Amino acid sequence: MIVWRRWVFPLLLVVIFGLCAAALVKLAFFADTAEAVVGPDAGITDPVLAVERGSVVNALTLSGNIARDEAFPLRGEINGTVTDVHVADGAAVAAGQLLFTVKQDYPEKSVEILAPEAGDLSEIALVKGQSLTVGAEVATLTPARYHLLATVEPVQLYRLVGAPTDATVTITGGPAPFGCTGVRVQVSTEGTASVRCSIPTDQVVFAGLPAQMDLALGQVDDALVVPITAVQGGSGTGNVWVDAGDGSVAVERAVTLGVNDGAMVEVVEGLEEGEMIRQFVPGFLAPVEEFCYEVAPGVEQCESGTSW
């Protein structure tokens, strides 16, 4: 009995613990690979979706600032001699206000030069007794007109094709939203894009105020719509890949596009309701999403993966 207690039982315990340790090592470092073998028929399946009917609202909100319209030169329209200067440099003038009186050479008569619109007059280039010739700059007028200039990402320019000429302006801390007119897109030589519209003359504004421009670019209801990720192209025409669902290669098909809201686009021609198409254009990188979860109190771990 002493032999069993002193030698046999301890040896049995050592053997049992050794087997358990070996099993744990195998599970940790030498997992069974038989289940991990991927069959020859396995592969990544591109997600597909059915063409459905829906609504698309193409509305664009841009941020910008109120600015005063650009100054322009006033030029002489007759040949003659200045007999009177009626305003001082830097004066605020009203539309139609008398600026200069000129004695025309031929036919000889006095001609009054009036302000074409309200604004601030500067850089007056005339004095009494000076000769005036046609086309000569007589002063600079900064009009009492304002506009909203909002920046736009170049990628959004196609959405502005055929944009309406009216927009809605909201000034931070200002009056109720109001309309502006003459909406137009400007692209500088450096490639910077902006959208501009004219502020109504009866609206009190100040240069430098931050403001928002809302553009209603179009809306369709009960139309065939697909995600823009499924379309190669985004304005006017594009291509989609129709999937027959039988394992065959998806077929590229040309489509005509309509209203685009940046996420969904209207298909005017080229697809039928219920047809299956690839959700992503071949070669398109599916969007990556980050998933975070708490692994310990106050400790968070994040992992990335595609959204499908």
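Strands are runs of at least two residues assigned E by DSSP, and they are numbered from the N terminus. In the predicted model described here, Val-161 lies in the loop between strands β11 (146-151) and β12 (167-171). Val-161 counts as exposed, because its relative accessibility is 62% and the category begins over 50%. Although Val-161 and Ser-235 stand 74 residues apart along the chain, their C-alpha atoms are separated by 8.8 Å.

The largest pocket has a volume of about 350 Å³. Its lining comprises 19 residues, of which Tyr-158, Arg-159, Gly-234, Ser-235 and Asn-260 are the closest to the centre of the pocket. By residue class, the lining of the largest pocket consists of 8 nonpolar, 10 polar and 1 charged.

The second largest pocket has a volume of about 180 Å³. Its lining is formed by Leu-74, Arg-75, Gly-76, Glu-77 and Ile-78, together with Val-111, Glu-112, Ile-113, Leu-114 and Pro-116. At least two of the lining residues come from each of β3 (72-75) and β7 (109-114). Strand β7 makes the greatest contribution to the lining of the second largest pocket, supplying 4 residues. The lining of this second pocket divides into 6 nonpolar, 1 polar and 3 charged residues.

Attention then turned to charged side chains. Side chains of opposite charge can pair when their charged atoms come close. The structure contains 10 salt bridges. One of them joins Glu-273 to Arg-53, with the closest N and O atoms 3.3 Å apart. Glu-273 belongs to the loop between β19 (264-269) and β20 (276-278), whereas Arg-53 belongs to strand β2 (residues 52-68), so this pair ties together parts that are 220 residues apart in sequence. Glu-273 is exposed, with a relative accessible area of 52%, while Arg-53 is partly exposed at 42%.

A further salt bridge brings together the side chains of Asp-69 and Arg-196, at an N to O distance of 3.5 Å. Asp-69 is located in the loop between β2 and β3 and Arg-196 in strand β14 (residues 193-198); the pair therefore ties together parts that are 127 residues apart in sequence. Asp-69 is buried, with a relative accessible area of 10%. Arg-196 likewise counts as buried, because its relative accessibility is 7% and the limit for this category is under 20%. Both residues take part in a network of salt bridges that also links Glu-70, Glu-117 and Arg-145.

Asp-243 and Arg-278 form another salt bridge, in which the closest N and O atoms are 2.7 Å apart. This pair links distant parts of the chain, 35 residues apart, with Asp-243 in the loop between β17 (237-242) and β18 and Arg-278 in strand β20. Both Asp-243 and Arg-278 are buried.

Key: Residues numbered from 1 in each chain as written. Predicted model: local features only at pLDDT ≥ 70, side-chain atom pairs only at ≥ 80, totals over all residues. Heavy atoms only, no water. 1 Å grid on protein atoms, 1.4 Å probe; cavity = no way out; pocket = protein on both sides within 12 Å on 5 of 7 lines; lining within 4 Å. Points joined across faces, edges and corners; volume = space filled by probe spheres on them. Nonpolar A, V, L, I, M, F, W, Y, C, P; charged D, E, K, R; others polar. Salt bridge = Lys/Arg side-chain N within 4 Å of Asp/Glu carboxyl O. Buried < 20%, exposed > 50% of the residue type's maximum accessible area, 1.4 Å probe, protein only.
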